[in-house]
Amino acid sequence: MINPTVTAFAAHPNTDWCLVTGQPGSGKTTAVARIARELTQHGVPIRGFYTEEVLDGSGSRRIGFDVVTYEGDGSSKRGVLARKGGSGPKRTKVGAYSVDVAGFEQLALSSLADDDTPRVV
């Protein structure tokens, strides 16, 4: 059964956006991913992306972030957004992370194709 909150949100086609804020670790990404999954499982096409932290093999230390896209047809893609350390000609250093700006733009921006599909960002 689909969550009543998701049903209420999806039932309002004039809702252009929804902002999710909160402290680190409060469940923002988990909530967005679950809502997007429920919407696509119930045939609601969505486009957009969110970022997800990547943990080391022990699951105790953050080593970077991936970008996860929704393509409007129920499919999704995942790519590297940033990793700790490392560098290269196509990477930008932001704090402790090396960010693949070109890769992000190619993956994430293509998920925002100009059509009438609702977006999740």
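A polar contact of 2.7 Å links the side chain of D66 to that of R83, a polar contact being a pair of N or O atoms within 3.5 Å in which, within protein, one atom must be able to donate a hydrogen and the other to accept it, and for which residues adjacent in sequence count only if both atoms are side-chain atoms. The structure is a predicted model, in which local features need pLDDT of at least 70 and side-chain atom pairs count only at pLDDT 80 or more, whereas totals for chains, interfaces and linings use all residues. Residues are numbered from 1 along each chain as its sequence is written, and side-chain values use heavy atoms, with hydrogens and water left out.

The secondary structure of the protein consists of 3 helices and 6 strands, where helices (H or I, at least four residues) and strands (E, at least two) are DSSP runs numbered from the N terminus. Along the sequence these elements follow the pattern α-α-β-β-β-β-β-α-β. The protein has 121 residues, of which 25% count as buried; buried means under 20% relative accessible area, exposed means over 50%, and partly exposed lies in between, as found with a 1.4 Å probe on protein chains only. Among contacts between residues at least 6 apart in sequence, 37% join residues at least 24 apart, contact meaning heavy atoms within 4.5 Å.

Strand β2, which spans residues 62–71 and contains D66, is mostly covered, with 7 of its 10 residues buried. Two strands are taken to pair if DSSP finds at least two bridges between them. Strand β1 (residues 47–55) runs antiparallel to β2 and is joined to it by 9 bridges, while strand β3 (residues 76–84) is also antiparallel to β2, with 7 bridges between them. The hairpin of β1 and β2 has 6 residues between the strands, and in this hairpin G59 adopts a positive phi near 75 degrees. In the hairpin of β2 and β3, with 4 residues between the strands, a positive phi near 90 degrees is found at G72.

D66 counts as buried because its relative accessibility is 8%. When neighbours within four places in sequence are left aside, the contacts of D66 include Y50, T51, E52 and V54, together with R78, G79, V80, L81 and R83. T69 likewise lies in strand β2 and is buried, with a relative accessible area of 0%. F49 stands opposite T69, and in β3 the bridge partner of T69 is K77. Outside the four places on either side in sequence, T69 contacts G48, F49, S75, S76 and K77, as well as L107, A108 and S111.

Helix α3 (residues 101–110) contains S110, which is partly exposed because its relative accessible area is 36%. Although S110 and T69 are 41 residues apart in sequence, their C-alpha atoms lie 9.0 Å apart in space. Not counting residues up to four places away in sequence, S110 touches R47 and E105. In the loop between β3 and β4 (92–94) is G86, an exposed residue with a relative accessible area of 56%. G86 is in contact with K93 and S98 when neighbours within four places in sequence are left aside, and the C-alpha atoms of G86 and A96, residues 10 apart in sequence, are 9.4 Å apart.The second largest pocket has a volume of about 330 Å³. On a 1 Å grid over the protein atoms alone, a pocket is an open set of points with protein on both sides within 12 Å along at least five of seven lines, and its lining residues have an atom within 4 Å of a point; grid points are joined across faces, edges and corners, and the volume is the space filled by probe spheres set on the points. The lining of the second largest pocket comprises 14 residues, with G25, T29, T30, T51 and E53 lying nearest its centre. At least two lining residues are supplied by each of α2 (28–41), β1 and β2.

Key. On a 1 Å grid over the protein atoms alone, a cavity is a set of points where a 1.4 Å probe fits but cannot get out, and a pocket is an open set with protein on both sides within 12 Å along at least five of seven lines; lining residues have an atom within 4 Å of a point.
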